Amino acid sequence: KSLYASSTLSANGGEVILKVVNAAASERAAELRLNGVKGVAKQAQGWVLASADAMDENSLAAPKKVVPVAFALDCATPSFTHVFPGNSVTVLRVGVSK
């Protein structure tokens, strides 16, 4: 297994926050199912921290070698598929109605 995930509901109940780690070197697709919600926002906010080499790290000489990248994700239904890059940590914030 190379995908590890955690999810929670925001304090105000308006967002599901998903955190997914892909520990494999290659990308992995996964179906995400937000069970128990009536609806989801048309777009989610996302941030991914990834590198081709799992051993990459920031240093004084290269302080921005590995940096988070923001993106928008279309997800107008409670079930959707997303491809997680290899060697990555992804955070998704999906607006929901209960």
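This is a predicted model: local features need pLDDT of at least 70, side-chain atom pairs count only at pLDDT 80 or more; totals for chains, interfaces and linings use all residues.
1. Start with one cut-off: a residue counts as buried under 20% relative accessible area, as exposed over 50%, and as partly exposed in between. Take Asp-56 as a test case. Its relative accessibility is 24%, so Asp-56 is partly exposed.

2. The predictor's confidence is given as pLDDT, and the chain averages 94. Of the residues, 100% score at least 70. Confidence is lowest in strand 4 (residues 39-40), with a mean of 92. The highest value belongs to strand 2 (residues 15-22), at 97.

3. Now the overall fold. The chain has eight strands and zero helices. Reading along the sequence gives β-β-β-β-β-β-β-β. The C-alpha trace spans about 45 × 25 × 20 Å along its principal axes.

4. Next, surface and interior. The chain has 98 residues, and 34% of them count as buried. Its accessible surface is about 6,300 Å². Carbon and sulfur atoms account for 55% of that surface. Look also at contacts between residues at least 6 apart in sequence: 70% of these join residues at least 24 apart.

5. How many salt bridges are there? The count is three. One of them pairs Arg-93 with Glu-15, and their closest N and O atoms are 2.6 Å apart. Arg-93 sits in strand 8 and Glu-15 in strand 2, so this pair ties together parts that are 78 residues apart in sequence. Arg-93 is partly exposed, because its relative accessible area is 28%.

6. Another salt bridge joins Lys-65 and Asp-56, with closest N and O atoms 3.5 Å apart. Lys-65 has 48% relative accessibility, so Lys-65 is partly exposed. Asp-56, the test case from point 1, is partly exposed as well, at 24%.

7. Glu-31 and Arg-33 also form a salt bridge. Here the closest N and O atoms are 3.6 Å apart. Are these two residues buried or exposed? Glu-31 is partly exposed, with a relative accessible area of 48%. Arg-33 reaches 54%, so Arg-33 counts as exposed.

8. Look at Ser-2, in the segment before strand 1 (3-9). Ser-2 is buried, because its relative accessibility is 15%. Its side chain makes a polar contact with the side chain of Arg-28, at 3.1 Å. Leaving aside neighbours within four places in sequence, Ser-2 touches Val-21, Asn-22, Ala-23, Ala-24 and Arg-28.

9. Where does Ala-76 lie? Ala-76 is in the loop between strand 6 and strand 7 (79-84). With a relative accessible area of 53%, Ala-76 is exposed. Residues up to four places away in sequence aside, Ala-76 is in contact with Val-40, Ala-41 and Lys-42. Ala-76 and Ser-2 are 74 residues apart in sequence, and their C-alpha atoms are 27 Å apart in space.

10. Phe-71 belongs to strand 6 (residues 69-74). Its relative accessibility is 24%, so Phe-71 is partly exposed. Beyond its neighbours within four places in sequence, Phe-71 has contacts that include Ala-44, Gln-45, Gly-46, Trp-47 and Val-48. Also among them are His-82, Thr-90 and Leu-92. Ser-51 is 20 residues from Phe-71 in sequence; C-alpha to C-alpha, the two are 16 Å apart.

11. Which residues form a nonpolar patch on the surface? Tyr-4, Val-21, Leu-49 and Val-89 do. Together they have about 320 Å² of accessible area. Leu-49 is in strand 5 (residues 43-50). At 35% relative accessibility, Leu-49 counts as partly exposed.

12. One backbone angle deserves a look. Most residues other than glycine have a negative phi. Asn-87 is not a glycine, yet its phi is positive, at about 50°. Asn-87 lies in the loop between strand 7 and strand 8 (88-97). Asn-87 is buried, because its relative accessible area is 17%.

How values were computed. Residues are numbered from 1 along each chain as its sequence is written. Side-chain values use heavy atoms; hydrogens and water are left out. Helices (H or I, at least four residues) and strands (E, at least two) are DSSP runs, numbered from the N terminus. Buried means under 20% relative accessible area, exposed over 50%, partly exposed in between (1.4 Å probe, protein chains only). Contact means heavy atoms within 4.5 Å. Patches are made of residues with over 30% relative accessible area and no salt bridge: like charges are joined within 9 Å, nonpolar side chains (Val, Leu, Ile, Met, Phe, Trp, Tyr) within 5 Å. Accessible areas come from the Shrake-Rupley method with a 1.4 Å probe; for residues, only the protein chains shown count as cover. A salt bridge is a side-chain nitrogen of Lys or Arg within 4 Å of a carboxyl oxygen of Asp or Glu. pLDDT is the predictor's confidence in each residue, from 0 to 100. A polar contact is a pair of N or O atoms within 3.5 Å; within protein, one must be able to donate a hydrogen and the other to accept it, and residues adjacent in sequence count only if both atoms are side-chain atoms.
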